[in-house]
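Subject: The structure for you to look at

Hi there,

Here is the structure I promised to pass on. Please open it first, and then read my notes below with the model beside you.

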Amino acid sequence: MQTTCVANQKGGVGKTTTSFNLAAGLADKGMRVLMIDLDPQYNITTAAGVLPPGCEYKTGHVLHQEVTIPEAVIREVITSAGSVDLVPADSSLKKAEDLLIPELFSERRLARALEGLDYDHVILDCSPSLGLLTINALIAATRILIPCQFGSFSIEGIANLLNMIDGVGSGEKVKQLLITMFRSRTTRTNEWAEDQLEPYREIILKTKIRENEALRQAAIEQQSIFEFASRSHGAEDYRALTEEFLAL
Ligand SMILES: Nc1ncnc2c1ncn2[C@@H]1O[C@H](COP(=O)(O)OP(=O)(O)OP(=O)(O)O)[C@@H](O)[C@H]1O
Ligand SMILES: [Mg+2]
């Protein structure tokens, strides 16, 4: 089982879009995937068409060890060749995080909850912060995927995140940067951005996610990009990401 943490403390860079469409892409390949919503904004829960009031248990209950993941999971929020399950969240996750801080080994709760599960891939959609929820995800993960919005990423932010990953690192974790919202026509910005990213060249994925309106619309329609517009640039790019991700 591979556990991938999708993290960047900068907001709006494409974490949820990437988590959701990568999960859908993996399911299209026949994989059994689990998504865990680790964001009190619960965007991936919404994207999956799940309404939190209808869910008895959520990520907060799992982290507080009130239920196991199989008890909290909403099954088959996406079905194709494989399937995607979801542990949903809602805004109470913020309170759950605060209450967790003084508890013993609270940074390892997610890693423990994932032990013994039988999925091909687990995708952890983080909030734009480096708080205890993200630390739990970084510790639980075998891979860390960092979406960076092209032209507006913060080099300092990326460096801080990478330092933090090394700080929590029990065992070597695969770290990769994914360029999102790429615009091929803005030559000046591209040159500037490529210079900025030079120190990280070795960990940048070959696939770039282009800016694509269909990705925005798919999220509103609560569909994966493959379902919403399977011939769009967005679908093409997330299909390529899935292939590159699996080839690793
Ligand atoms: N490649 C893209 N092209 C166009 N729009 C995109 C693209 N990727 C994401 N978006 C849109 O940008 C917005 C932010 O994306 P998303 O929610 O995935 O970011 P996030 O990093 O999860 O944000 P947050 O930090 O708030 O959790 C959303 O409206 C989404 O639909
Ligand atoms: Mg998000």
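Predicted model: local features only at pLDDT ≥ 70, side-chain atom pairs only at ≥ 80, totals over all residues.

By class, the shell around ligand 1 holds 10 polar, 6 nonpolar and 4 charged residues. That makes 20 residues in the shell, and the closest are Gly-11, Lys-15, Thr-16, Thr-17 and Pro-128. Three elements each contribute at least two residues to the shell: α1 (15-28), β7 (174-182) and α10 (213-220).

Helix α1 also packs against another helix. Its axis and that of α12 (residues 233-247) come within 9 Å and cross at roughly 70 degrees. Angles of 65 to 115 degrees count as roughly perpendicular, so α1 is roughly perpendicular to α12. The crossing of this pair is right-handed. On the α1 side the contact is made by Asn-21, Leu-22, Gly-25 and Leu-26, and on the α12 side by Tyr-238, Arg-239, Leu-241, Thr-242 and Phe-245. Sorted by class, the residues of this contact are 5 nonpolar, 3 polar and 1 charged.

Helix α7 (residues 132-140) packs on helix α8 (residues 155-168) at an angle of about 60 degrees, and their axes are 9 Å apart. These two helices are therefore oblique to each other. Their crossing is right-handed. Ile-135, Leu-138 and Ile-139 of α7 meet Met-164, Ile-165 and Val-168 of α8. This contact has 6 nonpolar residues, with no polar and no charged ones.

How many of the 9 residues of α7 are buried? The count is 8, so α7 is largely enclosed by the rest of the structure. The buried residues of α7 are Leu-133, Thr-134, Ile-135, Asn-136, Ala-137, Leu-138, Ile-139 and Ala-140.

Is Phe-150 buried or exposed? The cut-off for buried is 20 or more other C-beta atoms within 10 Å; Phe-150 has 23, so Phe-150 is buried. Setting aside neighbours within four places in sequence, Phe-150 is in contact with Ile-179, Thr-180, Met-181, Phe-182, Arg-183 and Ala-193. Between Phe-150 and Ile-209 the C-alpha to C-alpha distance is 9.3 Å, while the two are 59 residues apart in sequence.

Note on methods. Residues numbered from 1 in each chain as written. Chains lettered and ligands numbered in written order. Near = placed C-beta within 6 Å. Helix = DSSP H or I, 4+ residues; strand = E, 2+ residues; numbered from the N terminus. Nonpolar A, V, L, I, M, F, W, Y, C, P; charged D, E, K, R; others polar. Axes fitted to C-alpha atoms, helices over the stretch in contact; angles between N-to-C directions. Parallel < 35°, antiparallel > 145°, perpendicular 65-115°, else oblique. Left-handed = near helix turned anticlockwise from the far one by under 90°. Contact = placed C-beta atoms within 7 Å. Buried ≥ 20, exposed ≤ 12 C-beta atoms within 10 Å, placed from the backbone.
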